[in-house]
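Here is a short briefing on one protein chain. Look at the sequence and the fold first, then work through the points below.

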Amino acid sequence: QGAALVVHAVLRCQRQLAGGAMLSGWVPCFEALKTAASRAAPPEGRPAPLEFLWCHGARDGVVEPGLAAESAKKLKEEFGINM
């Protein structure tokens, strides 16, 4: 699940990254991601909000579009990520 890997890698990186790109994905292990991201963030916080390009087809037969939309909403609410 490459999209999930991108989200986890960008949010856990101790260096500031601009963001990431994902295709047809969702975010598993959200609570673990929140914990790891808070540990990895610099004490002064991240200087700018992250940005993600997230593309998802309406007829994806593997990852339901609703699940992807729910994951995107959680990321926006929890981390202030721009999509």
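The chain exposes about 5200 Å². Carbon and sulfur atoms supply 56% of that area. This is a predicted model. Of its 83 residues, 31% count as buried.

**Overall fold**

- The chain has three helices and two strands.
- Read from the N terminus, the elements run α-β-α-β-α.
- The radius of gyration is 12 Å, close to the 12 Å that the globule rule gives for 83 residues, so the chain is as compact as a globular protein of that length.
- Along the principal axes, the C-alpha atoms fill a box of roughly 40 × 20 × 20 Å.
- Take the contacts with a separation of 6 or more: residues 24 or more positions apart account for 69% of them.

**Charge**

- There are 9 positive and 8 negative side chains.
- The centres of these two sets lie 4 Å apart.

**Helix α1 and its cover**

- Helix α1 spans residues 2-12.
- Its buried residues are A3, A4, V7, H8, V10 and L11.
- An α-helix has 3.6 residues a turn, so residues three or four places apart point the same way.
- What covers the buried residues of α1? The cover includes both strands, β1 (19-23) and β2 (51-55), along with α2 (30-40) and α3.

**H8, a residue of α1**

- H8 sits in helix α1.
- Is H8 buried or exposed? H8 counts as buried because its relative accessibility is 12%, and the cut-off for buried is under 20%.
- Leave aside neighbours within four places in sequence, and H8 is in contact with V27, P28, C29 and L33.

**The loop between β1 and α2**

- S24 lies in the loop between β1 and α2.
- The phi of S24 is near 45°, a positive value in a residue other than glycine.
- S24 has 28% relative accessibility, so it counts as partly exposed.
- C29 also lies in the loop between β1 and α2.
- C29 is not a glycine, yet its phi is positive, at about 55°.
- C29 is exposed, with a relative accessible area of 56%.
- C29 is one of the residues that H8 contacts.

**S71 in helix α3**

- Where is S71 found? S71 belongs to helix α3, which covers residues 65-79.
- S71 is buried, because its relative accessible area is 6%.
- Which residues does S71 touch, not counting those up to four places away in sequence? They are W26, V27 and W54.
- The side chain of S71 reaches the backbone nitrogen of V27 at 3.1 Å.
- V27 is also in contact with H8, a residue of helix α1.

**K34 in helix α2**

- K34 is found in helix α2.
- K34 counts as partly exposed because its relative accessibility is 25%.
- Not counting residues up to four places away in sequence, K34 touches E78 and F79.
- K34 and A68 are 34 residues apart along the chain.
- The C-alpha atoms of K34 and A68 are separated by 18 Å.

**Points to take away**

- The order of elements to remember is α-β-α-β-α.
- C29 is exposed, at 56%.
- S24, at 28%, counts as partly exposed, and K34, at 25%, does too.

Definitions and conventions
Residues are numbered from 1 along each chain as its sequence is written. This is a predicted model: local features need pLDDT of at least 70, side-chain atom pairs count only at pLDDT 80 or more; totals for chains, interfaces and linings use all residues. Side-chain values use heavy atoms; hydrogens and water are left out. Helices (H or I, at least four residues) and strands (E, at least two) are DSSP runs, numbered from the N terminus. The radius of gyration is taken over C-alpha atoms; the globule rule is 2.2 Å times the number of residues to the power 0.38. Buried means under 20% relative accessible area, exposed over 50%, partly exposed in between (1.4 Å probe, protein chains only). Contact means heavy atoms within 4.5 Å. Accessible areas come from the Shrake-Rupley method with a 1.4 Å probe; for residues, only the protein chains shown count as cover. Lys and Arg count as positive and Asp and Glu as negative; His and the chain ends are not counted. The place of a charge is taken as NZ of Lys, CZ of Arg, CG of Asp or CD of Glu. A polar contact is a pair of N or O atoms within 3.5 Å; within protein, one must be able to donate a hydrogen and the other to accept it, and residues adjacent in sequence count only if both atoms are side-chain atoms.
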